[in-house]
Structure formats: structure tokens, C-alpha cells
Amino acid sequence: MQFDTIALASDHRGYWLKLDIIEYFKLQGYEIEDFGSDNDCVSVDYPDYAKKVANYVLENKNSFGVLVCFSGIGMNIAANRFKGIRAVLCYNEQIARLSREHNDANVICFGSRFTNPEFAIRCVDVFANAKLADERHRIRINKIDEI
């Protein structure tokens with residue numbers, strides 16, 4: 001296990017997918033930090049939840065984040081506003097792997113409208129177990145961080 005902790009959050013539209021991901025990864029031995037939302041009935045603003053996860057991941061180096069909203073796009077955009085966060089909108093397992101191997105991504109985002117729980121769990125598992133492929137990618141990542 002490369003990471004100890006998964007920090008998760010969703011807006012109201014991603015609530016159920018977030019719960020499915022939490023349930024599976026608790027059983028895998030991960031420590032889970034759930035930053036909300038707490039239901040699917042009350043409309044909430046996804047940037048508030050992306051901020052909570054981004055701050056946690058930045059402060060806890062042995063963690064990564066999972067964010068879920070209706071499309072995944074809003075969470076992805078919001079998370080990437082934080083220096084040091086490299087969030088990816090995941091749409092297949094290869095992207096989950098490459099985002100870690102080539103970009104050292106530390107947050108993975110999903111759209112609940114387009115993602116079933118089994119697929120999201122597979123992608124999070126691939127993401128959690130992939131590592132930066134080699135140091136030549138670190139040079140590029142450092143250039144991103146300088147922007």
C-alpha cells in the first residue's frame with residue numbers, strides 16, 4: 001500500500017458514489033477521511049468540498065484525494081487551483097495509471113453521472129498502486145509547479 005489515507009468528498013450529486021468508494025477502501029485497510037457532503041438531498045457547492053480535500057492532501061503527504069460531482073469536471077477544475085495539487089478527471093483505468101506514473105497526480109475525480117461504482121473502485125485502486133515511472137517526469141512536474 002503506497003498511501004495510508006484517502007481523503008474523499010463529494011457534492012450532493014456525487015454522494016452515493018463516494019459512499020461506495022469509501023465502503024470498499026475501508027475494507028482494504030485504508031484510513032478514510034470523509035469531508036462530506038453528508039447527503040444527496042441538500043444542494044451544496046462542489047468548490048467548498050474540493051478545497052477541503054486539496055488542503056488535506058497538501059498537508060498529509062502520505063494521502064491522496066478522491067472527488068466526485070455530477071460530471072467530475074467542476075471538482076477537477078477546483079482542485080487544480082491549489083498549488084501542489086495535480087488532479088485528474090478519470091475516464092478509464094489507463095488514465096488512472098498514467099496520471100500517477102507520468103504526472104504524480106494526487107487527486108482523482110469522477111462524474112457520478114458517467115461512472116458506476118465498480119469502475120470507480122477499479123480506477124482508484126489502480127491510481128493508489130501506481131508510482132511515478134522515473135525522474136524525467138519529475139522535471140516536468142516541477143515545471144508545472146513553477147507556473
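Asp134 is partly exposed in this predicted model, with a relative accessible area of 30%; the term covers values between buried (under 20% relative accessible area) and exposed (over 50%), computed with a 1.4 Å probe on protein chains only. Salt bridges with shared partners join Arg86, Arg100, Asp104, Arg138 and Asp145 into one network. Asp134 itself forms a salt bridge with Arg136, the closest N and O atoms being 3.2 Å apart. A salt bridge here is a side-chain nitrogen of Lys or Arg within 4 Å of a carboxyl oxygen of Asp or Glu. Arg136 is also partly exposed, at a relative accessible area of 48%.

Residues are numbered from 1 along each chain as its sequence is written. As the model is predicted, local features need pLDDT of at least 70 and side-chain atom pairs count only at pLDDT 80 or more, while totals for chains, interfaces and linings use all residues, and side-chain values use heavy atoms, with hydrogens and water left out.

Across the whole structure, a search finds eight salt bridges. Side chains of opposite charge can pair when their charged atoms come close.

| Salt bridge | Closest N to O distance |
|---|---|
| Arg136 and Asp134 | 3.2 Å |
| Arg86 and Asp145 | 3.8 Å |

Arg86 and Asp145 form a salt bridge. This pair links distant parts of the chain, 59 residues apart: Arg86 lies in the loop between helix 3 (73–79) and strand 4 (87–89), and Asp145 lies in helix 6 (residues 135–146). Helices (H or I, at least four residues) and strands (E, at least two) are DSSP runs, numbered from the N terminus. Arg86 counts as buried at 14% relative accessibility, whereas Asp145 is partly exposed at 23%.

Arg97 is partly exposed, with a relative accessible area of 31%.

Phe3 is found in the segment before strand 1 (5–10). Its relative accessible area is 6%, and Phe3 is therefore buried. Beyond its neighbours within four places in sequence, Phe3 is in contact (heavy atoms within 4.5 Å) with Tyr30, Asn62, Ser63, Phe64, Arg100, Phe127 and Ala128. Of these, Arg100 also belongs to the salt-bridge network. The C-alpha atoms of Phe3 and Lys61 are separated by 8.7 Å, although the two residues are 58 residues apart along the chain.
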